[in-house]
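Please open the structure in your viewer, with the sequence panel alongside, and follow the selections in the order given below.

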Amino acid sequence: MNYCNRFLLLLTFTLFFSNSFAQQNTERDKVQIFYYGWYANPATDGDYQHWNHEILPHWSNPKWNNLGHHKGGDDIGANFYPALGNYSSNDPKIIEQHMKMIKDSGVGVVVVSWLGKDSFTDKSLAKYLDIADRFDLKIAFHIEPFYKNISELKEQLSYLVKTYSSHHAFYKKEGKPLFYVYDSYKIPKEEWVKMLSENGEKTIRNTDLDALYIGLWVEKNNAEFFDSSGFDGFYTYFASEGFVYGSTTANWDFMANFAKDHHLIFIPCVGPGYSDTRIRPWNEANFKSRDNGKYYEKMFDAAIKVNPEFIGITSFNEWHEGTQIEPAVPKKAGDFKYEDYGKDPLFYIKETKRLTDRFLKKR
């Protein structure tokens with residue numbers, strides 16, 4: 001074989017494998033995991049944040065008022081205890097460990113909770129993007145309801161897009177960012193139309209803020225909201241099966257068909273369980289046992305069954321609600337015994353890889 005033929009053969013193999021690798025990475029983008037960068041500790045940040053979560057009052061029963069907050073350290077606002085302890089979300093070593101775990105779990109997009117320009121969750125975003133990039137992961141954004149109106153939201157999104165969207169790890173689908181908008185129903189659909197419809201008086205369409213806006217479907221009557229609000233799709237977020245209409249897997253067929261009929265994106269969200277009584281001692285009704293991974297598998301299979309374009313995972317590290325797949329370890333603090341995963345702290349990282357592989361093989 002002459003030099004020219006060898007070169008062409010080598011080039012063909014290189015293109016084939018690079019295209020296969022790119023396609024594989026793109027497929028992984030179909031699985032997106034919610035991530036919280038709001039944890040702080042005294043060593044890195046000067047004080048605790050979130051590990052010392054308050055015990056939340058009940059909206060109508062005064063029995064649960066004024067119960068104080070957890071102290072941090074051995075006593076955290078969570079029913080499980082992290083293998084990495086009371087870490088700081090600003091510690092690059094922690095961010096690196098997290099991104100490696102997420103990569104190992106088979107997920108392609110990390111959906112970072114964001115509370116605006118001057119928030120704690122914005123402080124280390126550049127680090128998250130850089131480190132995610134090293135693991136061939138992408139970062140998308142979960143927009144928390146910190147804004148009062150759509151004008152303020154547009155201003156905040158303008159900062160987000162101008163500051164970060166040129167980064168290679170900033171997730172885009174066909175050139176557009178994807179924003180999950182939590183509690184979207186709290187702003188009237190008439191206001192969303194002004195921002196999200198092409199002819200709206202404050203439209204972001206065909207501007208730098210154009211993106212795929214994914215709203216939160218909670219109750220059945222949200223169908224009317226998504227029919228006319230201008231959103232590009234909807235997600236379910238909650239990991240507690242049956243908590244609301246959107247998180248009830250029996251309703252996902254209807255929601256998938258609604259999305260198809262209205263040319264919307266439907267992102268069913270799955271979780272390994274739900275346990276939040278350390279911060280909501282009155283909320284035992286929504287507890288969902290992990291059942292050694294069976295609960296997670298059932299939710300995943302229900303999502304796979306409706307053949308969605310994406311699946312969301314709630315969550316990597318929402319410790320307060322016990323939905324995390326991040327490694328947890330057995331621990332006792334006084335009379336309280338934390339829940340754990342059994343013998344293998346990495347069980348849910350491995351299980352996520354198995355289940356994401358199942359999803360992607362059936363696509």
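Begin by selecting D210, which is buried, with a relative accessible area of 11%, where buried means under 20% relative accessible area, computed with a 1.4 Å probe on protein chains only. Before going further, note that this is a predicted model, in which local features need pLDDT of at least 70 and side-chain atom pairs count only at pLDDT 80 or more, while totals for chains, interfaces and linings use all residues. Residues are numbered from 1 along each chain as its sequence is written, and side-chain values use heavy atoms, with hydrogens and water left out.

D210 lies in the loop between α6 (189–196) and β6 (212–216); helices here are DSSP runs of H or I with at least four residues, strands are E runs of at least two, and both are numbered from the N terminus. Now show K176, P177, I204 and R205, with which D210 is in contact once its neighbours within four places in sequence are set aside, contact meaning heavy atoms within 4.5 Å.

Next, select strand β2 (residues 109–114), where six of six residues are buried. V109, V111 and S113 point one way from β2, whereas V110, V112 and W114 point the other way.

Finally, bring in strand β3 (residues 138–143), which pairs with β2 in the parallel sense over six bridges, and look for F141 of β3, the bridge partner of V112.

Note on methods
Buried means under 20% relative accessible area, exposed over 50%, partly exposed in between (1.4 Å probe, protein chains only). Two strands pair if DSSP finds at least two bridges between them.
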